[in-house]
Amino acid sequence: MFSFIKNSTAPFVFVSVFTIWISSCSSPSKPTESMDPGIKELIGKMTLEEKLGQLTLSVGGVVTGPAAFPVEPETFKENIRNGLVGGYFNTYGAKFTRELQQTAVEESRLGIPLLFGADVIHGFRTVFPIPLGESASWDLEIIKNSARITAKEATAVGITWNFVPMVDISRDARWGRVAEGAGEDPYLGSQIAKARIRGLQGNDLSDPESMAACTKHWAAYGAPDGGRDYNTVDISERLLRDIYLPPYKATVEAGAATFMTAFNELNGVPATGNEYLIEQILRKEWGFTGMVVSDYNSIGELVAHGVAADDAEAGLLSLKAGTDMDMEGYIYQKQLPKLLEEGKVDIALVDQAVARILKLKLDLGLFDDPYKYCDEERERNELLSEEHLEAALNAAKKSIVLLKNENDLVPIS
């Protein structure tokens, strides 16, 4: 399965609640001894720079926030050749992704294939109702089928990893992302979350028409005070576990390949550096073994939240908490070498994060066939097919909600 890989010849005072929480939390889980032998062998060949490259997810194409690197294609390729990235997001097109994948496989030292991620929220070219709209159908087969068609179209243009489903329970209409979720009910949200995972990932993650799903945003992102995005979530343990966590757990049970951390803090601790959320609940209690990616520079935003003095401390807290991959922050890449040199980070933690990312690539079948998602014929045939358009129309019909003003309940004529 790895046959194509080449052989290689300032002190900071935390707020009291954070200090108390950190000291009481269990230590991160140790690197697993059951690592795939091929992955273990590959990690043994990697330089530190190449390992940190695998922990780096870079933006390309549509830029949805500040970009640390230029996004010109030649810059992409140079970074790939040097092993500086493990994947790109918002980069698609069968021909273009094939070019980039070819650079990774044939021109980098170890030939490790790339991930290509995107937010394909309610259809790629064939547009389905928004997730909140589909939820109003109460039809799990419709929802699963729309996710399946989304996967077929997105994989046809080179996308291997979808930052969906968004399973945040939201009960405040002021929050700007209510359209991406399933509403306010944890049971319905859980059933819909499972349906989306099964639709995106299919029965076999290595199927060229299947893609890795990414449950987001871990956790309680939909409950910020006053609907303020990226901000404060202050809720009890009972409310967290009874209302907000069930849909996330449902996706673990359905086999979600990855999780994305949230921008918000939870009871004083930012989610991306929250060991209790990632290591204790997600990994130890629920048994999730997949990869965890940060949201867009959410590692760096630990500084803005006031729990890290600088980017180095933010990277330290996030890696120890269990965040494996850094989306468009380049903090692991820039800060971990010094942290390792100073003995503040164990290289085993880095290796564990790298192993989880490589395992995702292995499960997707990219080591066997790195070009499986770069099929221009599929791209021509899959997008906006009659079958897909008919399914979208059917989903729209099922999602329509009509209100009857019986007995003049609503004061309108």
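**Salt bridges**

Reply: E342 has a relative accessible area of 41%, so E342 is partly exposed (buried means under 20%, exposed over 50%, partly exposed in between, with a 1.4 Å probe and protein chains only). This is a predicted model, where local features need pLDDT of at least 70, side-chain atom pairs count only at pLDDT 80 or more, and totals for chains, interfaces and linings use all residues. Residues are numbered from 1 along each chain as its sequence is written, and side-chain values use heavy atoms, with hydrogens and water left out.

Me: Which residue does E342 form a salt bridge with?

Reply: K338, with the closest N and O atoms 3.9 Å apart. A salt bridge here is a side-chain nitrogen of Lys or Arg within 4 Å of a carboxyl oxygen of Asp or Glu. K338 is exposed, at 54%.

Me: How many salt bridges does the structure hold?

Reply: 23.

Me: What about D119, how far apart are the closest N and O atoms in its bridge with K216?

Reply: 2.7 Å. D119 is in the loop between β3 (115–118) and α6 (131–135), and K216 is in strand β5 (residues 212–218), 97 residues apart. Helices (H or I, at least four residues) and strands (E, at least two) are DSSP runs, numbered from the N terminus.

Me: Is K216 buried or exposed?

Reply: Buried, at 1%. D119 is partly exposed, at 39%.

Me: Which residues are in the network with them?

Reply: R177 and E180 are linked with D119 and K216 in a network of salt bridges.
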